[in-house]
Amino acid sequence: MFTLIIYEEGWTNNLKQLRFILPEIDREATRKKVEEALETARIYKQIGFVRREMKQTPSYEPRFHGATNAVGKPAEECAVWNVDTEERLRSLTERVEQAVSRLGRTEREIIEKRYLEDEETFDYQVWSEIGMSERTYYRAKSRAFYKLAFMLCLEVYTPLPEVAIG
């Protein structure tokens, strides 16, 4: 993703110059999306998928409105939601596991201990367990998030400024 900007140099120069501007990544929004994906994968691995049940509440009261000619299909809607959502969660979990497995040893260990294990742990517990300094831990964690964002296509870009062409 890039933007092409064409602009003129000075009053006397009739040549136009090309410049490519690469967008910057919104680190905070990207981090949130990666954390959401990791949390979703962890929960799916722990408890699996909880299916929706069809709601059926018959009403014996008369309805005083005209015919809408719309037929509700709650059984079909419920079945489609169950199948689609379960497949989406399974696919996301597989992609997360594959992406984490491609990280370096230290980065993989940080992500697995902090986000993918059954019990909730905190950053200070992980860096003391691994035997790292706090600063080194946060640098490795930041690199891991950056890599995961690109592997899972979860990066969020800051909007580019509007520039007039010509």
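The largest pocket is lined by Ile25, Arg27, Thr30, Arg31, Val34, Tyr138, Lys141, Ser142, Phe145, Tyr146 and Ala149, where a pocket is an open set of points on a 1 Å grid over the protein atoms alone at which a 1.4 Å probe fits, with protein on both sides within 12 Å along at least five of seven lines, and lining residues have an atom within 4 Å of a point. This is a predicted model, in which local features need pLDDT of at least 70 and side-chain atom pairs count only at pLDDT 80 or more, while totals for chains, interfaces and linings use all residues. Residues are numbered from 1 along each chain as its sequence is written, and side-chain values use heavy atoms, with hydrogens and water left out.

**Pocket**
- About 210 Å³ of space lies in the largest pocket, a volume being the space filled by probe spheres set on the points.
- Helix H1 (27-47) and helix H5 (134-151) each supply at least two residues of the lining, and H5 gives the largest share, six residues; helices are DSSP runs (H or I, at least four residues).

**Helices H1 and H5**
- The axes of H1 and H5, which come within 10 Å, cross at roughly 80°, and the two helices are therefore roughly perpendicular (65 to 115 degrees).
- Their contact (heavy atoms within 4.5 Å) involves Arg27, Thr30, Arg31, Val34, Glu35 and Leu38 of H1 and Ser142, Phe145, Tyr146, Leu148 and Ala149 of H5.

**Threonine 93**
- Threonine 93, found in helix H2 (residues 74-101), counts as buried because its relative accessibility is 5%, buried meaning under 20% relative accessible area with a 1.4 Å probe and protein chains only.
- Leaving aside neighbours within four places in sequence, threonine 93 is in contact with Ala41, Tyr44 and Lys45.

Note on methods
Buried < 20%, exposed > 50% of the residue type's maximum accessible area, 1.4 Å probe, protein only. Axes fitted to C-alpha atoms, helices over the stretch in contact; angles between N-to-C directions. Parallel < 35°, antiparallel > 145°, perpendicular 65-115°, else oblique.
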